[in-house]
Amino acid sequence: MTLSRRELLRGSLLTGGAGVMASLAGLPFSEAGLAAAPKVRIQTPGMYRFSVGNFEVTALLDGYIDADPTLIPSYDGLKATQLYQDQFRPPLAEKIRIPINSFVINTGEKVILIDSGTADNMGPTLGQFTGNLKAAGIAPESVDAILLTHMHVDHISGITSKDGKALFPNAELIVHKADWDYWNDDGFMSQAGDFMKSNFVNARAMSAPYLKRLTLVEEDIEVLPGIEAIAMPGHTPGHTGFILRSEGQELLIWGDVVHFTALQFAYPEWSIVFDSDMELAEKTRRKMLDRVSADKLAVLGSHLEFPGLGHVARNGDRYSYHQSSWQYTL
Ligand SMILES: [Zn+2]
């Protein structure tokens, strides 16, 4: 089919660019491009890839949770509203929306999963970890090790199926001993409220198929080549961060040191009731904020705005968060 310049022009005048495209594709104008395109109405897959030296890191979104401000005993609605305005966020709703992120690190020699989302334990706004892992092209069989920042339901639930099968059949499980001991202690479980009791049950069920390939971390050591575990107790007794080091670059994966990106950099004292020790959690948060701001060390967080990668600056006794720019090449 050949088109004269005049025909092309008429197509473009009648129907805009779509008409030209339709005529170039050999379709009559009436069959293509005239109807309004339906909106997709779903977000693109939640994944983002970047490098740390020679390591390739993939952030995977599990979805979001709307947290009630009553979870933060020191919460001040006026201060929170002001922070939302100052950061050009949508107006603060009754609840505070936060993401749940997990990460895969390919060191070139090993594939390592850090945390795994909620599966179907926390409602329909979550549970996207497995789909996003697949969308990222990462085969579960390729994962050599699972590192857990801690054993809460939003971090451990993607590693085992409902019928008790390991979803990462070739992976060893690496957890801090203090977390392992806590969640496997019947005394602590009997004292817990209903929600936390379900966390004890879930932590045990999810870790069960990995018992024969379990490593417990007892001190700050290199757990895998280029990955150092750092104890960050408070959110849970064995809450752990991981420093990646490759070719002179460093990144701190700090788990749940911060739950609320908009709020806790300005007010590190706003701890969440899910902290097993709220005072210790605040102390750890201040210590880490101090360290990463002084060292200009990049952080990657489980609940920082997806993909959870940024830097922290210090302003007196407060801090601010600066999300990293898109990495165009790997
Ligand atoms: Zn969490």
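Modeller: Gladly! β2 provides the largest share of the lining of the largest pocket, at four residues. Please keep in mind that this is a predicted model. The pocket has a volume of about 650 Å³. Its lining is made of 23 residues, and those closest to the centre are Leu-61, Gly-63, Tyr-64, Arg-97 and Pro-99. β2 (55-67) and β3 (96-106) each give at least two residues to this lining.

Now to the metal site. The zinc ion takes its protein donors from Asp-154 (OD), His-155 (NE2), Asp-256 (OD) and His-303 (NE2), at 2.1 to 2.3 Å. Along the sequence these donor residues follow the spacing D-H-x100-D-x46-H. Asp-154 belongs to helix α5 (residues 153-156), while His-303 sits in the loop between β12 (298-301) and β13 (309-315), so this pair links parts of the chain that are 149 residues apart. Asp-154 and His-303 are both buried.

The four donor atoms subtend angles of 90 to 167° at the zinc ion. For reference, four ideal tetrahedral donors make angles of 109.5 degrees.

Val-258 touches His-303, along with Gln-264, Phe-265, Arg-285 and Leu-304, leaving aside residues up to four places away in sequence. Val-258 is placed in the loop between β11 and α9, and it counts as buried because its relative accessibility is 0%. Between Val-258 and Asp-317 there are 16 Å, C-alpha to C-alpha, for a sequence separation of 59 residues.

Ser-271 is found in the loop between β11 (249-255) and α9 (278-295). With a relative accessible area of 3%, Ser-271 is buried too. A polar atom of the Ser-271 side chain lies 3.2 Å from the backbone oxygen of Met-278. Leaving out residues up to four places away in sequence, Ser-271 touches Leu-71, Ile-72, Pro-73, Gln-264, Met-278, Ala-281, Glu-282 and Arg-285. Gln-264 and Arg-285 are therefore touched by Ser-271 and by Val-258.

A few backbone details deserve a check. The loop between β12 and β13 holds Pro-307, and Phe-306 is joined to Pro-307 by a cis peptide bond with omega of about 5°. Glu-247, in the loop between β10 (240-246) and β11, has a positive phi near 50° without being a glycine. Glu-247 counts as exposed, as its relative accessibility is 64%. Lys-296, in the loop between α9 and β12, likewise is not a glycine and has a positive phi, of about 55°. At 65% relative accessibility, Lys-296 is also exposed.

Finally, the chain as a whole. It contains nine helices and 14 strands, and its C-alpha trace spans about 80 × 50 × 45 Å along the principal axes. Of its 330 residues, 46% are buried. If you take the contacts between residues at least 6 apart in sequence, 67% of them join residues at least 24 apart.

Terms used
Residues are numbered from 1 along each chain as its sequence is written. This is a predicted model: local features need pLDDT of at least 70, side-chain atom pairs count only at pLDDT 80 or more; totals for chains, interfaces and linings use all residues. Side-chain values use heavy atoms; hydrogens and water are left out. Donors are N, O and S atoms within 2.8 Å of the metal (3.2 Å for Na, K and Ca); water is not among the atoms, so sites may look incomplete. Four donors count as tetrahedral if all angles lie between 85 and 135 degrees; four count as square planar and six as octahedral if opposite donors are over 155 degrees apart and all others between 65 and 115; anything else is irregular. Buried means under 20% relative accessible area, exposed over 50%, partly exposed in between (1.4 Å probe, protein chains only). A polar contact is a pair of N or O atoms within 3.5 Å; within protein, one must be able to donate a hydrogen and the other to accept it, and residues adjacent in sequence count only if both atoms are side-chain atoms. Contact means heavy atoms within 4.5 Å. On a 1 Å grid over the protein atoms alone, a cavity is a set of points where a 1.4 Å probe fits but cannot get out, and a pocket is an open set with protein on both sides within 12 Å along at least five of seven lines; lining residues have an atom within 4 Å of a point. Grid points are joined across faces, edges and corners, and a volume is the space filled by probe spheres set on the points.
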